[in-house]
Amino acid sequence: MSAIDSGAPIRADGIARRFDGRMVLDGVDLEVPQGSVTALLGRNASGKSALLRILVGLLPRTAGTARGGGLDPARDGVELRRHVGYVADRLDVSACMRVSGWLRFQPPFFPTWSGTTERGLLELLSLDPMSRTE
């Protein structure tokens, strides 16, 4: 496991991503220095969310390199996400999936996930593990 360098910028060099044969990101370069604020603007389906998901290691890139805090998101995504907050605009969850199925997908994204965490969330949110996620 690599250590994060909190002073290192977020970098994307030549990032490309293809979905179903369609190039969504093609050679994107970006540098976000520590302490700065950056906005990504563009039409729907222009690749903004895909770029963010690549930068936190939730989506593989087709080409290029990425670094966040000195870490490669593709290799060190779990460690990177321990230090970076990412909130998606929507959950990519099948409407027919049960809560219990959704919970099975969480451990890789949260290194401290446990049965106690799961039971606590179910109780806190008054969720039945067999209910649908819709």
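Predicted model: local features only at pLDDT ≥ 70, side-chain atom pairs only at ≥ 80, totals over all residues.
1. D20 is located in the loop between β1 (10-19) and β2; helices (H or I, at least four residues) and strands (E, at least two) are DSSP runs, numbered from the N terminus. At 86% relative accessibility, D20 counts as exposed, where exposed means over 50% relative accessible area, buried under 20%, and partly exposed in between (1.4 Å probe, protein chains only). The phi angle of D20 is near 50°, a positive value in a residue other than glycine. Most residues other than glycine have a negative phi.

2. Residues are numbered from 1 along each chain as its sequence is written, and side-chain values use heavy atoms, with hydrogens and water left out.

3. S126 also deserves a look, in the segment after α4. Its phi is near 50°, again positive in a residue other than glycine. With 66% relative accessibility, S126 counts as exposed.

4. A search of the whole structure finds five salt bridges, a salt bridge being a side-chain nitrogen of Lys or Arg within 4 Å of a carboxyl oxygen of Asp or Glu. One of them joins the side chains of R11 and D13 (3.0 Å, N to O). R11 is partly exposed at a relative accessible area of 29%, and D13 is partly exposed at 31%. R11, D13 and E31 are linked in a network of salt bridges.

5. R61 forms a salt bridge with D72, the closest N and O atoms being 3.3 Å apart. This pair links distant parts of the chain, eleven residues apart: R61 is in the loop between α1 and β3, and D72 in the loop between β3 and α2. R61 counts as partly exposed, at 22% relative accessibility, whereas D72 counts as buried, at 14%.

6. In α2 (residues 73-81), the buried residues are P73, D76, G77, E79, L80 and R81. They pack against α1 (48-55) and β3 (63-68), contact meaning heavy atoms within 4.5 Å.

7. R75 is exposed, with a relative accessible area of 56%, while D76 counts as buried, at 9% relative accessibility.

8. Q106 is placed in the loop between α3 (99-104) and α4 (115-124). Q106 is buried, with a relative accessible area of 9%. The side chain of Q106 reaches the backbone oxygen of W102 at 3.0 Å; a polar contact is a pair of N or O atoms within 3.5 Å, and within protein one must be able to donate a hydrogen and the other to accept it, while residues adjacent in sequence count only if both atoms are side-chain atoms.
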